[in-house]
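Work through the exercises below with the coordinates open. Each task is followed by a stepwise solution.

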Amino acid sequence: MSEKEKYTAADALTDALVRGGIEHIFLNSGTDYPALIESWAKFTATGRKCPQIITCPHETVAMSAAQGYAQVTGKADAVFVHVDVGTQNIGGALSNVCRGRIPALILAGMSPYTINGELPGSRDNMIQFIQNVTDQANIVREYVKHYNELRSGVNIQQLVYRALQLAQTDVQGPVYLTAAREVLEQEGADLGDLPTGWSPAAAPAVEAGVIKKLVEALVSARHPLIITSYLGRQEESVAELVKFCEKPAIGVVEAPPSYMNFPGDHPLHLGSDVAAAFGEADVVLVIDSDVPWLPALTKFPEGARLFYLDIDPVKDTIPLWNYPAEMFIRADSLTALRQLNAAVDGVVLNESAVAERRMRFEKKHEAVKEYWKNAAAPREKITPQYLAATLGEIVDEDAIILNETITNTTVVENLIPRSKPGTRHHSCGSSLGWFGGAAIGAKLALPDREIIALAGDGTYIFSCPSAVYWVARKYNTPFLTIVFNNGGWTAPKFAVARAHPDGFAVRTQTFWTDFNPAPAYDKIAEAAGGAFAETVSDPAALKAVIEKGRAAVKTGRCAVINVIL
Ligand SMILES: Cc1ncc(C[n+]2csc(CCOP(=O)(O)OP(=O)(O)O)c2C)c(N)n1
Ligand SMILES: [Mg+2]
């Protein structure tokens with residue numbers, strides 16, 4: 001049989017990915033890839049549909065790109081890595097995807113299971129002995145929703161559809177498949193067009209009685225609040241939340257947001273400071289949040305009622321977690337908000353009470369705005385607040401902001417308010433370096449949108465910038481990066497000062513977090529991917545430099561502006 005006539009398990013896998021809706025494979029390959037690369041080359045040469053292969057010189061970029069793509073589209077993409085070591089390199093980026101409940105399909109090759117040439121794909125390289133581990137999936141088991149080994153070309157397509165079904169069924173998450181070389185070289189079975197039976201499960205709704213109870217509690221409250229972090233991951237939810245809050249006047253706190261959930265300029269938006277918003281709160285509804293406030297630092301208002309509505313209401317994978325809710329409700333927030341809106345329509349409200357609390361919330365909203373406006377006043381040096389406010393003036397409402405500014409996260413949220421759904425994203429997790437890959441994934445999905453990544457200086461390095469800007473140039477995904485350069489890792493330094501305010505570290509200012517002499521962050525991107533590069537420290541020059549960067553991006557290059565704070 002000629003190479004062209006053969007239909008391998010790798011071919012069956014490629015067909016299944018296309019039919020399952022996978023647009024890109026973010027790839028970091030190795031000696032486990034002959035069957036796959038041969039398959040993709042054959043598909044390309046013969047005009048058969050194949051996902052676009054995006055070569056990523058580091059797995060962090062590959063995983064974060066799939067995350068960014070899923071964050072702006074809601075759809076899973078694929079990450080293909082090299083055996084155990086590639087799996088280990090997706091590490092922290094996978095933890096973000098896991099915590100963010102992001103659907104993604106990861107596939108890793110496995111060391112061949114024959115050594116004497118018994119089967120096509122048998123070992124032919126010394127590293128295949130070194131990479132032979134007992135339980136490869138164990139590396140990522142705690143961070144994936146499902147793992148499985150592809151064992152035969154006969155059912156490889158079924159197992160891909162099964163993995164995608166699980167990844168995209170709530171609670172969504174990453175799935176991990178492995179395949180040895182011998183399996184991928186086998187003959188493959190083609191099931192044809194995507195057969196029925198593999199779609200994700202329908203989103204869960206709330207029982208009618210519970211909806212009634214929630215509406216009654218909220219509309220009759222004196223000071224009702226909604227706290228949310230990720231309800232905006234479904235963009236239609238934002239308008240539903242606005243509608244639900246407007247009629248009875250309910251205040252909204254985004255704390256801490258990982259998406260754009262509620263328009264920042266809306267008079268019912270109370271900022272991101274839950275402690276300040278709690279005040280006289282008597283009924284609080286959390287919708288989609290992992291940590292709405294820190295129990296040790298913020299006390300829940302005494303006597304207030306708490307309801308928790310979430311696709312993951314008791315945080316199935318967090319061992320210690322507690323909030324004093326009288327009811328935890330597992331539901332899809334978009335479905336639930338539609339139900340709440342339908343229910344509130346028929347309710348007769350106490351108009352004077354509504355008017356009174358609306359005024360109270362509007363005053364709070366204005367006070368928050370005023371606070372941040374004052375904080376952003378120009379100083380001798382560029383402050384993070386001034387930088388964020390300057391961006392807030394320049395950036396238009398359709399631009400997508402990726403916010404990974406760590407100790408300046410809140411500054412960015414408040415001073416670059418977003419009014420449109422889908423225009424702000426966060427890493428959703430705790431592993432630094434998401435922004436670069438995420439910008440690539442978002443730009444691949446939405447090539448006409450302006451993408452602006454904001455990153456701490458430490459975070460910039462975690463992103464693997466030499467890989468990020470190389471990929472961005474190669475695959476034409478230009479975006480603007482602003483580095484919030486505060487001289488190193490401020491977060492760990494703050495943590496020491498909080499824990500030991502009078503200790504040796506504070507008194508001697510010894511933290512091992514200082515990056516001086518600092519790298520030329522912008523020049524790394526210039527060298528790696530021909531990016532526009534500029535460093536700025538003068539407040540008077542800031543705006544013009546940012547505009548130069550944006551103009552460069554419009555010509556198709558990335559731009560990195562290193563802002564000395
Ligand atoms: C992969 C990973 N390693 C280490 C940390 C611990 N960590 C949290 S914040 C931080 C410093 C981040 O520095 P930078 O991006 O400059 O932000 P800044 O704290 O200065 O605002 C570190 C090292 C982490 N969260 N993730
Ligand atoms: Mg820093």
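**Exercise 1.** Determine which helices each supply at least two residues of the shell around ligand 1, and describe the contacts of ligand 1.

*Solution.* Step 1: the helices are helix 16 (457-462) and helix 18 (490-499); helices (H or I, at least four residues) and strands (E, at least two) are DSSP runs numbered from the N terminus. Helix 16 gives the most, with four residues. The model is a predicted one, in which local features need pLDDT of at least 70 and side-chain atom pairs count only at pLDDT 80 or more, while totals for chains, interfaces and linings use all residues. Residues are numbered from 1 along each chain as its sequence is written, chains are lettered from A and ligands numbered from 1 in the order in which they are written, and side-chain values use heavy atoms, with hydrogens and water left out.

Step 2: the shell (residues with a heavy atom within 4 Å) holds 17 residues, and Thr407, Ser430, Asp457, Thr459 and Ala491 are the closest. By class there are six nonpolar, 10 polar and one charged; Ala, Val, Leu, Ile, Met, Phe, Trp, Tyr, Cys and Pro count as nonpolar, Asp, Glu, Lys and Arg as charged, and the others, Gly among them, as polar.

Step 3: list pairs of N or O atoms within 3.5 Å. Oxygen atoms of ligand 1 lie 2.7 Å from a polar side-chain atom of Thr459, 2.8 Å from a polar backbone atom of Gly458 and 2.9 Å from a side-chain N or O atom of Thr490. Taken alone, ligand 1 exposes 590 Å², of which the protein buries 77% (Shrake-Rupley method, 1.4 Å probe).

**Exercise 2.** Which residues coordinate the magnesium ion (ligand 2)?

*Solution.* Step 1: take N, O and S atoms within 2.8 Å of the metal (3.2 Å for Na, K and Ca); water is not among the atoms, so the site may look incomplete. The donors are Asp457 (OD), Asn486 (OD1) and Gly488 (O), at 2.0 Å.

Step 2: along the chain, the donors follow the spacing D-x28-N-x1-G. Asp457 lies in helix 16 and Asn486 in the loop between strand 15 (480-485) and helix 18, so the pair ties together parts 29 residues apart in sequence.

**Exercise 3.** Locate the cis peptide bonds that join Asp170 to Val171 and Asn516 to Pro517.

*Solution.* Step 1: for Asp170 and Val171, omega is about -5°. Val171 sits in the loop between helix 6 (156-168) and strand 6 (174-180).

Step 2: from Asn516 to Pro517, omega is near 0°. Pro517 belongs to the loop between helix 19 (504-508) and helix 20 (521-529). Gln509 is also found between helix 19 and helix 20; its phi is near 50°, a positive value in a residue other than glycine.

Key. A polar contact is a pair of N or O atoms within 3.5 Å; within protein, one must be able to donate a hydrogen and the other to accept it, and residues adjacent in sequence count only if both atoms are side-chain atoms.
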